[in-house]
Amino acid sequence: MKLGITVSFQHSVFSSGASQTSLALAELFTYMGDTCTFIHCGEENWWEDITSLKTSWPSVRDTDVVAGQFDRILEVTLCPRLRGLAPCIWIVRKAPLFHDMEA
């Protein structure tokens, strides 16, 4: 299965849990035999602290994704523009209420 995994490349892979979740999902699904591509929402960068992995993972901009390119899109970083191009699965890392309580 061809999977797209949304991500926001900003600074360190450890700068947010979303980055780590995206990378962990890509590793997991690749291990299970699927083909994973990062879909970056926002600026076209890569994580500064793991540049050696950049050639291991294909990536595309969210604006370059076309209908039928992926069998499923895993939305770790929300990117509404992709909905309708493939079935999207929102990966909820923690209950949204936690953010409100912490604020």
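# Talking through a predicted fold

Trainee: Where does S16 lie in this predicted model?
Mentor: Let's start with its surroundings. S16 counts as partly exposed, at 27% relative accessibility. As for its place in the chain, S16 belongs to the loop between β1 and α1.

Trainee: How far apart in space are S16 and V65, C-alpha to C-alpha?
Mentor: Along the sequence, 49 residues separate S16 and V65. In space, their C-alpha atoms are apart by 24 Å.

Trainee: Thanks! Stepping back, which pattern does the protein follow along the sequence?
Mentor: Begin with the inventory: the protein has two helices and five strands. Read in sequence order, these elements give the pattern β-α-β-β-β-β-α.

Trainee: How does the radius of gyration of the protein compare with the globule rule, and what is its value?
Mentor: For 103 residues the globule rule gives 13 Å, and the protein comes close to that, so it is as compact as a globular protein of that length. The C-alpha atoms fill a box of roughly 40 × 35 × 30 Å along the principal axes. The radius of gyration itself is 13 Å.

Trainee: Now the strands. Which strand is joined to β1 by six bridges?
Mentor: Look at the individual partners. I5 has F38 as its bridge partner in β2, and V7 stands opposite H40 in β2. The two strands run parallel, and the one joined to β1 by six bridges is β2.

Trainee: Which residue in β5 is the bridge partner of L74?
Mentor: Follow the bridges across from β1. Strand β1 (residues 2-7) pairs in the parallel sense with β4 (residues 72-75) over three bridges, and I5 has L74 as its partner there. Next, β4 pairs with β5 (residues 88-90), also in the parallel sense over three bridges. In β5, the partner of L74 is I89.

Trainee: Is β1 largely enclosed or open, and how many of its residues are buried?
Mentor: Take L3 as an example: this residue is found in β1 and has a relative accessible area of 3%, so it is buried. The strand as a whole is largely enclosed by the rest of the structure, because the buried residues number five of the six.

Trainee: What is the C-alpha separation of L3 and Q69?
Mentor: First, see what L3 touches: beyond its neighbours within four places in sequence, its contacts include F29, T37, F70 and L74. L3 and Q69 are 66 residues apart along the chain. Their C-alpha atoms are separated by 8.9 Å.

Trainee: Is T37 buried or exposed?
Mentor: T37 sits in strand β2 (residues 35-40), which is mostly covered, with five of its six residues buried. Leaving out residues up to four places away in sequence, T37 touches L3, G4, I5, P58, S59, V60 and F70. Its relative accessibility is 14%, under the 20% cut-off, so T37 counts as buried.

Trainee: Which residue forms a salt bridge with E75?
Mentor: A search of the whole structure finds one salt bridge. The closest N and O atoms are 3.0 Å apart, and the partner of E75 is R83.

Trainee: What about the outside? How much accessible area do L28, Y31 and M32 have together?
Mentor: L28 has its place in helix α1 (residues 17-31) and is partly exposed, with a relative accessible area of 42%. L28, Y31 and M32 form a nonpolar patch on the surface. Together their accessible area is about 400 Å².

Technical notes: Residues are numbered from 1 along each chain as its sequence is written. This is a predicted model: local features need pLDDT of at least 70, side-chain atom pairs count only at pLDDT 80 or more; totals for chains, interfaces and linings use all residues. Side-chain values use heavy atoms; hydrogens and water are left out. Patches are made of residues with over 30% relative accessible area and no salt bridge: like charges are joined within 9 Å, nonpolar side chains (Val, Leu, Ile, Met, Phe, Trp, Tyr) within 5 Å. Accessible areas come from the Shrake-Rupley method with a 1.4 Å probe; for residues, only the protein chains shown count as cover. A salt bridge is a side-chain nitrogen of Lys or Arg within 4 Å of a carboxyl oxygen of Asp or Glu. Helices (H or I, at least four residues) and strands (E, at least two) are DSSP runs, numbered from the N terminus. Buried means under 20% relative accessible area, exposed over 50%, partly exposed in between (1.4 Å probe, protein chains only). Two strands pair if DSSP finds at least two bridges between them. The radius of gyration is taken over C-alpha atoms; the globule rule is 2.2 Å times the number of residues to the power 0.38. Contact means heavy atoms within 4.5 Å.
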